[in-house]
Amino acid sequence: MNPTTAMYVAQGMHGLAYGMILFLVASGLNIIFGMMGILNLAHASFFMLSAYFSYQFLSMTGNFWVALLFAPVATAFFGILMERFLLRKIHALGHMGELIITVGVSLVILAGVKIFWGTESLPLSIPPVLTGLVSIAGMDYPVYRLFIIALSLVVLAIMVLLLYKTRLGKIVRAAVSDADMVNALGINMPRVFMIVFGVGTWLAGVAGVAIAPILLVFPGLADQMGMDAFVVVVTGGLGSLSGALIVSIIFGLLSSYGVQFLSQFAPLLMFIFMAIVLAIKPTGFFGERE
Amino acid sequence: MTNNVFKWSLWTALVAVLAVYPKLFGIYYTNLFVTFAVFAIFSVSFNLLLGYTGLLSFGHAMFFGVGGYGTALALKHIRGLPLLPAVLIGLVSAAVLALILCPLVVRVSGTAFAMLHLAFGQLMYMLAYKLRGITGGEDGIGGFPIPPFGIPGVVSIDMRAPENFYYFAIVVLGISLWMMWFFTKTPFGQIQVGVRDNAMRIDYMGFKVPQTKAVVYVVAGAFAGVAGSIYALFQNLISSGALDIFTSFTPVTMTMIGGIGSFLGPVLGAAVIQLMEELTTRFTQQVELVVGVILILVILFVPMGFVGLGRSLRQKWSARSALRANLGKPS
């Protein structure tokens, strides 16, 4: 295989890995929106929080797997706290207040991260098992990127199983179409909301741990990822998981090939893509509601 | 009659206080007041969208920033441009941006409107950040000439003196505030409130909802541009920071804290935030923490903001005094 093709394939891999991470964050955002009608602007802050937790667990135990297991759970715990003690209290007042309270939470998380871990970038190394390259069919792939893609696929599979094969999944799918009706049928909706919020932040947490070793962990991480995830959700259609998956992968590829061909203007591609999609279909690719 | 006298004496008192303010408080607090006034106008223009038309925007900073860049670029490149046309260029550039965006954004509302603005705001920020040749990126455009304010051959006032600039800024922002107030009081302003409360009904009554939204959008954008323009002149600097997400959240915070239900709510909110930042920076670096916590507490406990709190307290008080008056009467 000639070097040019190899480079394209490598860029494609980078794009795919980033796209899958983007999907993990965006799917959490999307599930929460689909269920509760809240666009959680603090979602990316939870993603960042998890990256910091991962750093903390790693420096305490030195074991990546411990971090991968516990950091998202710790993040989900904070997410559940937020749902239980902030969002639930103002749910009756409409979405505007909820949207703005998530802004407040994101500011508090940003400040908290700066207080506990400082403002400088923290480096995390890729766990030794996952370093290096693996060659498949005469091509070298970085193991860690493959790991990210595999991890995301596993999480995706778990999500699909949860949604379509369990009782909870059935309730969630029913609640997406009409939460009031499900509530009227005698299902404890506040508890379902809490679980869904927990799962959503857990997804962001997994993405945070997975991406920490290839990016630096710093307080601007949330802005960087948050913007991308919001664009994905809006473009893919609010509340649509398959839309989020497709658009995440498109954006991942767009950004990795964009960097190669347009260098500094690559971040603009995403927004232009979004503007075109929304100009044609204001609800996004697969969205049915605004 | 007495009511009218009272009103006029209140206005005179306000003008008198504003006139002697720099003499009384000195240069530091004069500059602080200009900053407050800029953000107050920015927030009031934001509230034209949120409070009056029910459109929450997370990208209002783009009009603020573009207004600032318009003025700064014009002063940098056009030699001998007078002051007022420079501010006007700021206004027009923000209005043009709003005109370009409005066919796209008036079709959506609610969360989609908010998110679309988050994205467009970020797009503008990215452009300002990346197009170093034009905007100077993160360092911005600074040190452009500040022309004197004057009528040719009659008078010329040097605007580089902070005190003179204070008067200029207060007058321009005061006029903007009055114009926005007037705008909400016109019959058109009533349609605007109708769009917020029940868009479908306004549609049935024969008014055009998207067009109404578009007009409000352009007006709100233009006044945010004026605020940005004055801000750029005041700092003698405009950088990509004026377009970033935190600048977009500033009017959201100020409006929520002051109260979305009233015209002057955002002004009160701006004053509260400004004082709060001023006080917190003396004790701690964690301005974000303080702002975030205040935002959460306000939404939890006083969702209509301080103006709403004042109103409900007054209602309670008047109900109680009415009750007391009734109880006093022999039945």
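Reader: Hi! At roughly what angle do the axes of helix α2 and helix α4 of chain B cross?

Author: Hi there! In this predicted model, the axes of α2 (residues 61-77) and α4 (residues 110-130) of chain B cross at roughly 30° and come within 9 Å. Because angles under 35 degrees count as roughly parallel, α2(B) is roughly parallel to α4(B).

Reader: Okay, switching topic. How many residues does each chain bring to the contact between A and B?

Author: Chain B brings 32 residues and chain A brings 35 residues.

Reader: Which helices of chain B each supply at least two residues of the side that touches chain A?

Author: Those are α4, α10 (245-258) and α12 (287-301) of chain B. The largest share of that side, twelve residues, comes from α4(B).

Reader: What classes make up the side of chain B that touches chain A?

Author: By class, that side has 23 nonpolar residues, six polar ones and three charged ones.

Reader: Now chain A. What's the reach of helix α5 from its first C-alpha to its last?

Author: Helix α5 of chain A, residues 143-165, reaches 32 Å with its 23 residues. That is close to the 33 Å expected at 1.5 Å a residue.

Reader: Which residues of α5(A) are buried?

Author: I148(A), S152(A) and V155(A) are the buried ones. They pack against α1 (3-36) and α8 (189-211) of chain A.

Reader: And how do α5(A) and helix α6 of chain A cross, what's the angle?

Author: Their axes cross at roughly 80° and come within 5 Å, with α6 being residues 167-177. That makes α5(A) roughly perpendicular to α6(A).

Reader: Which residues meet there, between α5(A) and α6(A)?

Author: L162(A), L163(A), Y164(A) and K165(A) in α5(A) meet L168(A), G169(A), V172(A) and R173(A) in α6(A). By class, this contact has five nonpolar, one polar and two charged residues.

Reader: Last one! What are the scores of the model?

Author: The model scores ipTM 0.81 and pTM 0.82. For chain B, the mean pLDDT is 85, and 97% of its residues reach 70 or more.

Terms used:
Residues numbered from 1 in each chain as written. Chains lettered and ligands numbered in written order. Predicted model: local features only at pLDDT ≥ 70, side-chain atom pairs only at ≥ 80, totals over all residues. Axes fitted to C-alpha atoms, helices over the stretch in contact; angles between N-to-C directions. Helix = DSSP H or I, 4+ residues; strand = E, 2+ residues; numbered from the N terminus. Parallel < 35°, antiparallel > 145°, perpendicular 65-115°, else oblique. Expected span 1.5 Å × (residues − 1). Buried ≥ 20, exposed ≤ 12 C-beta atoms within 10 Å, placed from the backbone. Contact = placed C-beta atoms within 7 Å. Nonpolar A, V, L, I, M, F, W, Y, C, P; charged D, E, K, R; others polar. pLDDT = per-residue confidence, 0-100.
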